[in-house]
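This briefing is meant to be read with the structure open beside it. Please follow each group of points in turn and locate the named parts as you go.

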Amino acid sequence: MFTHDSKKPGAFLPDLEPALCGPSAPLRVLVVDDDPATGQLLSLVGEREGFQVVTIDDGRNAYRMLKSDANFAAAVFNMTMASLKGLDLVRHMKTEKRLMRIPVVIVAGDNGLQLISESFAAGALAFLPKPFTREKLTGTLRLAIGHQAGRKSADVRTGNLAA
């Protein structure tokens with residue numbers, strides 16, 4: 001299968017990978033939320049979309065996990081958690097090369113312009129206000145995963161293959 005996002009025909013990395021390497025494992029999404037109900041909802045929606053969801057209920061534990069395992073296609077963080085807030089987690093990630101490539105979605109009950117602005121300034125790719133629908137969450141996850149896939153194919157085209 002070939003795709004093209006320009007006028008020149010060519011193979012797109014996500015098209016070639018399964019053909020050359022066989023079927024791959026589902027993409028992993030990290031969900032960090034200290035509210036069990038929201039964490040479970042985020043996890044269920046992610047799994048229905050075919051992602052392998054890793055759920056953690058504490059920001060500090062999530063950061064420890066990311067330090068040892070950065071193999072996530074996207075991350076969804078709750079804005080307010082007791083030990084390490086979502087924005088602080090994003091800021092820490094953006095200081096480390098292997099973590100900064102993971103697109104982050106911030107979920108929050110407050111959708112004030114200041115909070116949205118702070119989320120993007122910290123490095124989040126998207127902001128999802130609560131309450132949200134399954135469709136909005138699904139669309140936001142697809143945006144994040146698509147953003148990551150686009151970055152990988154751009155890295156291949158430019159020769160920038162650093163992890």
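In this predicted model, helix H3 and helix H4 meet through Gly-59, Ala-62, Tyr-63 and Leu-66 on the H3 side and Leu-89, His-92 and Met-93 on the H4 side.

- The axes of H3, which covers residues 59-68, and H4, which covers residues 86-93, come within 10 Å of each other and cross at roughly 20°.
- Because angles under 35 degrees count as roughly parallel, H3 is described as roughly parallel to H4.

**The chain as a whole**
- The protein chain contains seven helices and five strands, and reading along the sequence gives the pattern α-β-α-β-α-β-α-α-β-α-β-α.
- Of the 163 residues in the protein chain, 39% are buried.
- When contacts between residues at least 6 apart in sequence are considered, 62% of them join residues that are at least 24 apart.

**The sheet**
- Five strands make up an open sheet, in which the order is S2-S1-S3-S4-S5 and the pairing is parallel.
- The edges of this sheet are formed by S2 and by strand S5, residues 126-129, each of which pairs on one side only.
- From one strand to the next, the twist averages 20°.
- Strand S1, residues 28-32, pairs with strand S2, residues 52-56, in the parallel sense over five bridges, and within this pairing Val-53 in S2 is the bridge partner of Val-29.
- To pass from S1 to S2, the chain runs through helix H2, residues 36-48, and this β-α-β crossover is right-handed.

**Helices lying across the sheet**
- Helix H2 lies across S1, S2 and strand S3, which spans residues 74-78, and H2 runs at about 170° to S2.
- Helix H6 lies across S4 and S5, and its direction is at about 150° to S5.

- Met-93, which lies in helix H4, is buried because its relative accessible area is 0%, and the cut-off for buried is under 20%.
- Leaving out residues up to four places away in sequence, Met-93 touches Leu-66, Phe-77, Leu-99, Met-100, Ile-102 and Val-104.
- Although Met-93 and Leu-66 are 27 residues apart along the chain, their C-alpha atoms are separated by 8.4 Å.
- Thr-140 is found in helix H7, residues 134-158, and Thr-140 also counts as buried, because its relative accessibility is 13%.
- Beyond its neighbours within four places in sequence, Thr-140 is in contact with Val-105, Ala-126 and Leu-128.
- Is Gly-109 buried or exposed? Gly-109 is exposed, because its relative accessible area of 56% falls in the range over 50% that defines exposed residues.
- Gly-109 sits in the loop between strand S4, residues 104-108, and helix H6, residues 113-122.
- Gly-109 and Met-79 are 30 residues apart in sequence, while the distance between them in space is 8.2 Å, taken from C-alpha to C-alpha.

How values were computed
Residues are numbered from 1 along each chain as its sequence is written. This is a predicted model: local features need pLDDT of at least 70, side-chain atom pairs count only at pLDDT 80 or more; totals for chains, interfaces and linings use all residues. Side-chain values use heavy atoms; hydrogens and water are left out. Helices (H or I, at least four residues) and strands (E, at least two) are DSSP runs, numbered from the N terminus. Buried means under 20% relative accessible area, exposed over 50%, partly exposed in between (1.4 Å probe, protein chains only). Two strands pair if DSSP finds at least two bridges between them. A crossover is right-handed if, with the strands pointing away from the viewer, the path from the first strand over the helix to the second runs clockwise. Axes are lines fitted to C-alpha atoms, for helices over the stretch in contact, and angles run from 0 to 180 degrees between N-to-C directions. Angles under 35 degrees count as roughly parallel, over 145 as roughly antiparallel, 65 to 115 as roughly perpendicular and the rest as oblique. Contact means heavy atoms within 4.5 Å.
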